Amino acid sequence: MEGEKRIVMDQMGRKVEVPYSPQRIISLVPSQTELLYDLGLGDRVIGVTKFCIHPKQWHQSKTFVGGTKQFKFDVIDKLKPDLIIGNKEENYIEGIEELAKKHPVWMSDITGLDQAFDMILAIGNLVEERAKSISIVEKVKEGFASLPYKSRKKALYLIWKKPYMGAGRATFIDELMDFAGFENVLFETRYPELTLEAIQELAPEVILLSSEPYPFKEKYKAELKAILPNGDVQLVDGEMFSWYGSRLMKVPAYLASLK
């Protein structure tokens with residue numbers, strides 16, 4: 001089947017023509033780059049974004065094709081990819097449409113674990129590593145099924161500062177909060193902006209400060225403790241709450257360890 005192509009559907013409902021065994025793959029999303037590594041693709045991945053920090057050896061050796069929202073089209077064209085893998089939320093539609101004029105672009109669209117599982121299996125199928133992708137999904141499902149029950153606490157998950165932005169409903173983070181034993185106080189969808197007054201009115205028992213995309217540090221706790229003196233403000237690993245690839249195998253143990 002070498003040289004042959006097939007039509008597949010991505011998670012955005014787009015039809016994409018791809019080779020049966022793509023050998024020149026570009027990943028535009030950090031969590032999906034890590035998945036490709038764990039699927040054992042090695043030299044078949046030729047380009048990643050500057051934000052694709054895992055695995056470290058790929059970050060140091062692969063060609064950078066720009067950021068997740070700013071592609072270097074000339075670099076991508078020179079690499080001559082036979083498959084580009086992106087994501088609806090993390091990439092920008094104008095750039096994706098431009099790439100799709102010349103190259104096969106398969107897009108994921110993730111709002112929860114079910115979509116993450118579908119993505120992992122679909123990419124495993126695309127790159128002819130079905131058994132490995134099935135094994136990853138089974139390990140993740142086993143891990144989440146074994147999570148201990150926790151009494152629920154009302155929580156706010158912040159992803160940005162200046163302005164503050166929180167993770168609301170219809171997000172992957174919202175579902176992970178639920179598994180971690182937190183009840184999301186944000187009823188708005190996606191990532192609404194929040195003032196200090198609005199945060200005070202929400203009255204979360206716990207505020208979770210993510211390590212990404214904004215790199216919250218210990219020093220940022222004081223401003224929030226000032227408006228919610230009885231609140232528990234915690235720094236959390238954003239990769240564990242928002243990466244939806246093979247890193248999910250490590251997530252259940254991390255969520256179980258949270259206060």
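User: How should I read the accessibility of Glu89: is Glu89 buried, exposed or partly exposed?

Analyst: Glu89 comes out at 34%, so it counts as partly exposed. One caution: this is a predicted model, where local features need pLDDT of at least 70 and side-chain atom pairs count only at pLDDT 80 or more, while totals for chains, interfaces and linings use all residues. Residues are numbered from 1 along each chain as its sequence is written, and side-chain values use heavy atoms, with hydrogens and water left out.

User: Which side chain does Glu89 meet in a salt bridge?

Analyst: A salt bridge here is a side-chain nitrogen of Lys or Arg within 4 Å of a carboxyl oxygen of Asp or Glu. For Glu89 the partner is Arg190, at 1.9 Å from N to O. Glu89 sits in the loop between strand 6 (83-87) and helix 4, and Arg190 in the loop between strand 10 (182-184) and strand 11 (193-194), so the pair ties together parts 101 residues apart in sequence. Arg190 is partly exposed too, at 32%.

User: How many salt bridges does the structure hold?

Analyst: There are 14. Take Asp77 and Lys102, whose closest N and O atoms are 2.9 Å apart. Asp77 belongs to helix 3 (residues 73-79), whereas Lys102 is in the loop between helix 4 (93-100) and strand 7 (105-108), so this bridge links parts 25 residues apart in sequence. Asp77 is partly exposed at 27%, and Lys102 is exposed at 58%.

User: What about Glu218?

Analyst: Glu218 pairs with Lys221, again through a salt bridge, with N to O at 2.9 Å. Its relative accessible area is 49%, so Glu218 is partly exposed. Bridges can also share partners: Arg6, Glu128 and Arg130 are joined into one network that way.

User: How many helices and strands are in the chain?

Analyst: Helices (DSSP H or I, at least four residues) and strands (E, at least two) are runs numbered from the N terminus. By that count the chain has 11 helices and 13 strands. The radius of gyration, taken over C-alpha atoms, is compared with a globule rule of 2.2 Å times the number of residues to the power 0.38. Here it is 19 Å, close to the 18 Å the rule gives for 259 residues, so the chain is as compact as a globular protein of that length. Its C-alpha trace spans about 65 × 40 × 35 Å along the principal axes.

User: How much of the chain is buried?

Analyst: Buried residues make up 51% of the 259. For contacts (heavy atoms within 4.5 Å), residues 24 or more positions apart supply 59% of those with a separation of 6 or more.

User: Is helix 1 mostly covered or mostly exposed?

Analyst: Some background first: an α-helix has 3.6 residues a turn, so residues three or four places apart point the same way. Helix 1 (residues 30-38) is mostly covered, with seven of its nine residues buried. Among them are Pro30, Gln32, Glu34 and Leu36. After the helix comes Gly40, with a positive phi near 80 degrees.

User: And where is Trp106 found?

Analyst: Trp106 is in strand 7. With a relative accessible area of 2%, Trp106 is buried. Its C-alpha is 22 Å from that of Glu239, which is 133 residues away along the chain.

Note on methods: Buried means under 20% relative accessible area, exposed over 50%, partly exposed in between (1.4 Å probe, protein chains only).
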